[in-house]
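Me: Can you walk me through reading a few features of a fold, one at a time? I'd like the general idea and then the case at hand.

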Amino acid sequence: MMKLGFVSAILEGYTFEEVIDFAWENGFSCVELACWPREEGGRRYAGVSHLDVDNLDDTKAAYVRKYCEDRNVEISSLAYYPNMMDEDLQKRQAAAAHLKKLITASKKLGIGMVTTFVGRMQTQPLSRNLEETDKVWKPILEFAKENEVRIGIENCPMLFTEDEWPGGQNLAVSPWIFRRLFTAMPSKYFGLNYDPSHFVWQQMDEIKPLFEFRDKIFHVHIKDIKISREKLDDVGILSPPLTYMSPCLPGLGDVRWDKFLSSLKQIGYDGYVCIEIEDKDYEGSREAVEKALCKSRDYIKDLMARQVTV
């Protein structure tokens, strides 16, 4: 049975205990725990950290595990989403170093998963980026193998603002690229953190890849996207995506959630599905954010309970 949770990044300012308590008190089974370096920011949700992986000794790890066990809330993954292939090599090295800390922490906590981006050199062509992934990722995947920790790559292009153009900051955005990455690096520790909303705004089928990549789906995000057809007709797909679409709560956008969830069931997925809130109508206060999570929980739980078949 799939386990419903949420991405903790939206609960900025909450302590680790407050995040887990909120999940426990509101019927969530798991949390994807944000673990950014505390000093890092620069975009929405970057810098949010609910676990200090720099100082996770055995005593602290035991405390974290017991706190979660006592409340029957699992940590689905430790999450960190930088540009792992930044053209600034110092930033790239710092990102890799921090991701390795998450891998070590994930093993120590008995989680066995981290979630992140592949990254991308945004001013370089696709062919050059595909070549560079070997250089950047093979050492990371070897480290993940040594620690028996899976890495789930989210399929978000990170191509929303002008400073992320022309190529975006994440390479793994389509089935065509998934095939090339998984062929070049055929590791059982390298897979997907699948977010259907990013296929929707790219005008792609968000359901079909589930069947081809069923064995590579390690983790799932529940986030919706609403496309304004009128705006898209006016600005075109070469415009920054936020000019014609907006993130929203599940059920308020264009993702086909009934078919998506039933397709996950059909392929035998029984892992974590974590709600990711980026709806600006539900920001600005703890009350608004918590309301967004609970409304999303109710919507997804209802669909899951129906056990819709395709």
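Me: Which residue in β2 stands opposite G5?

Reply: Strands here are DSSP E runs of at least two residues and helices are H or I runs of at least four, numbered from the N terminus. Two strands pair if DSSP finds at least two bridges between them. In this case G5 stands opposite C30 in β2. The chain gets from β1 to β2 through helix α1 (residues 16-25), and this β-α-β crossover is right-handed. Right-handed means that, with the strands pointing away from the viewer, the path from the first strand over the helix to the second runs clockwise.

Me: How many bridges join β1 to β2, and what should I know about the model?

Reply: Three bridges join β1 to β2 (residues 30-34), and the two run parallel. With β10 (residues 272-275), β1 has four bridges, again parallel, and K3 stands opposite Y272 there. As for the model, it is predicted: local features need pLDDT of at least 70 and side-chain atom pairs pLDDT 80 or more, while totals for chains, interfaces and linings use all residues. Residues are numbered from 1 along each chain as its sequence is written, and side-chain values use heavy atoms, leaving out hydrogens and water.

Me: Is β1 mostly covered or uncovered?

Reply: Buried means under 20% relative accessible area, exposed over 50%, and partly exposed in between (1.4 Å probe, protein chains only). Strand β1 (residues 3-7) is mostly covered, with four of its five residues buried.

Me: How many disulfides are there?

Reply: A disulfide is a covalent bond between the sulfur atoms of two cysteines. The rule used here is a pair of cysteine sulfur atoms within 2.5 Å. By that rule the count is zero. C68 is in none, as the nearest cysteine sulfur, that of C30, is 11 Å away. C68 is also buried, at 7% relative accessible area. For C294, the closest cysteine sulfur is again in C30, and at 15 Å it's too far for a bond.
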